[in-house]
Amino acid sequence: MNQPFTESDLERRRAASRRLGWLLGAIVLAIYLIGMFIKR
Amino acid sequence: MSIATTHPAEHPAEEYHGGWMRWLTTTNHKDIGTMYMTFALVMFFVGGLMILGVRAELFQPGLQLMKPEFFNQLIGVHALVMIFGALMPAATGFANWMIPLMIGAPDMALPRLNNWGFWLLPPAAILLTLPFTLALFGIGDGALATGWTFYAPLSVQGGMGVDFAILAVHILGISSIMGSINIIVTIFNMRAPGMTMMKLPLFAWGWLITAFLLIATLPVLAGAVTMLLTDRHFGTHFFDAAGGGDPILFQHLFWFFGHPEVYILLLPVWGLIPHVLSTFSRKPTYGHTAQIYSFIAIGVLSVVVWAHHILTSGMPVPALIYFMFSTMAISLPLAVLFFCWIATMWKGAMTFETPMLFAVGFIVLFGIAGLTGLVLADVAADAQYHHSYFVVAHFHYALFAGGIMGVMTGVYYWLPKWTGHMYSEKLGKLHFWLTVLSFNLTFIPQFFLGLAGMPRRIPDYALQFAEFNAISTIGAFILGFSQLLFAWNIWRCVRGGPKVESRVWEGAEGLEWELSSPPPHHSWETQPVIK
């Protein structure tokens, strides 16, 4: 039996996506900045 | 994989902004996918025109049409436009259009981020090409003239075109990062019930690896060009030997991004090719799991082989040996992919519609890219061929035959699904044959030129190279103009043509073919269940 997407299910999925999105964004920023602190 | 689903009911008309506002504010994955694809097509012609200028200059020895400085600018911006303006946006356009349809999601997980990601592209493209226009009015000395690699110290000393390109690359990078984050979270969080990771379509898998590669490597490129910017304007000496810096450091940082970038451009194509082969061979994809593991292996290996691009830069012998063998190791998972592609066709009921022609053409020509890549990975051979036209021919077999022809495969395969109309097969086949023949006419002579010792990035050359250059230029012009057929065919298909069913191709399998053609505004309102 197929179910329509419920608002609560979509909101749960989008909230999880936002959390993971911020985490990935933070990783990108960390990689970008980390080079500035490495001494040759 | 069997699919139990119902077709979503017709949607009530959504409240649309009219005209330009619709496109400016849209958060619908299909609209954004269309914008990416349109942008990519426009930039494909912009980059193509640039290189036709280059090939026109190289038609004969001597300087005929342009100054060497302008020649250098055309070469560098051509590459940046084709890579960041055409290939990457085209792949992102495919992802936007197809991933939600394939995984049973109503849209991308982060639709506003999606809109942002696209609308960063046009300003970046303008920044990249604006210095050409400014130079016409006597402002500055034209665009970036360092080649797309920005190598220091030339880029430290270059004109303001370098600054424009640095800013453009930052913006393009931010756009790609946004797209990548969106694709990763969509694949992880928006899949329909029953769509396990191992059942995920190969196109989505190819893009998932691509997105992780972008996240790992684009910040390194951004860091490198930021350091370049501070060297140019803020008194640092990261890449200036006179100040204690190291120009070779830039090359390492650039290629740490640059080599995975090759796979970033190719993995989405490797993901879509099995779908096409399976459809037109009327057989399930051979080695679905093996291909997934190959994608992962290639993704991992791609970030540890970067220095094969700079084998002649004076690295210690152990490093040379490491980079040679690690590069050659990539041919193992790649060979698995080739085997699976051929095995998918093996004993299939094959037909050769335009997408299948492009897919088979891709396999043959991309195979040449792989084999010539093995030659270049060899330290001793590379000492001879480095910076020669052999390299130019090799990477065009990778990025035109592998990348752009792969994109064309996808466009012909999915265009009827997107538009609801069938394109002209006659025009499509004509486009294929003209493209394949003229592509080889352009680039086979360049292998010979490279083997004979002609260096790349020069506007003039010795007389002994004249015949092959003339042939290559004729091929390039046929190749360039035959792409007008592609644009014309797409335009005609968008405007109208015979209506198609939801399952456009007889042998097509997958969730995306369960929806109407074109799909409804909200792709999946009813969750499909994959058994």
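Two residues are in contact here if their C-beta atoms, placed from the backbone, lie within 7 Å. With that in hand, welcome to a quick tour of a predicted model, in which local features need pLDDT of at least 70, side-chain atom pairs count only at pLDDT 80 or more, and totals for chains, interfaces and linings use all residues. Residues are numbered from 1 along each chain as its sequence is written, while chains are lettered from A and ligands numbered from 1 in the order in which they are written. Helices (H or I, at least four residues) and strands (E, at least two) are DSSP runs, numbered from the N terminus.

- Chain A contains one helix and zero strands.
- Of its 40 residues, 10% count as buried; that word applies if 20 or more other C-beta atoms lie within 10 Å of a residue's own, with exposed meaning 12 or fewer and partly exposed in between.
- Where the chains touch, 18 residues of chain A are in contact with 23 residues of chain B.
- On the chain A side, that contact is made up of nine nonpolar, six polar and three charged residues. Ala, Val, Leu, Ile, Met, Phe, Trp, Tyr, Cys and Pro count as nonpolar, Asp, Glu, Lys and Arg as charged, and the others, Gly among them, as polar.

**Helix pairs in chain B**

- H9(B), residues 247-281, and H12(B), residues 331-345, have axes that come within 8 Å and cross at roughly 15°. Axes are lines fitted to C-alpha atoms, for helices over the stretch in contact, and angles run from 0 to 180 degrees between N-to-C directions.
- From H9(B), Trp270(B), Ile273(B), Pro274(B), Leu277(B), Ser278(B) and Ser281(B) meet Leu337(B), Cys340(B), Trp341(B), Thr344(B) and Met345(B) of H12(B). This contact has eight nonpolar, three polar and no charged residues.
- H2(B), residues 29-57, packs against H4(B), residues 111-119, at an angle of about 10°, with the axes 10 Å apart. H2(B) is thus roughly parallel to H4(B).
- His29(B), Ile32(B), Met35(B) and Tyr36(B) are the H2(B) residues that meet Asn114(B), Asn115(B) and Phe118(B) in H4(B). Here the classes come to four nonpolar, three polar and no charged.

**The kinked helix H15(B)**

- H15(B), residues 389-419, has a kink of about 40° at Tyr413(B), shortly before the proline Pro416(B). The bend at a residue is the angle between axes fitted to the seven residues ending there and the seven starting there.
- Because 30 of its 31 residues are buried, H15(B) is largely enclosed by the rest of the structure.
- Gly420(B) follows H15(B) and has a positive phi, near 85°.

- Met356(B) belongs to H13(B), which spans residues 354-377. Met356(B) is buried, with 22 other C-beta atoms within 10 Å.
- Neighbours within four places in sequence aside, Met356(B) is in contact with Val276(B), Phe280(B) and Thr351(B).
- Phe366(B) also sits in H13(B), and is buried with 27 other C-beta atoms within 10 Å.
- Again leaving aside neighbours within four places in sequence, Phe366(B) is in contact with Tyr397(B), Ala398(B), Ala401(B) and Gly402(B).

Key. Parallel < 35°, antiparallel > 145°, perpendicular 65-115°, else oblique.
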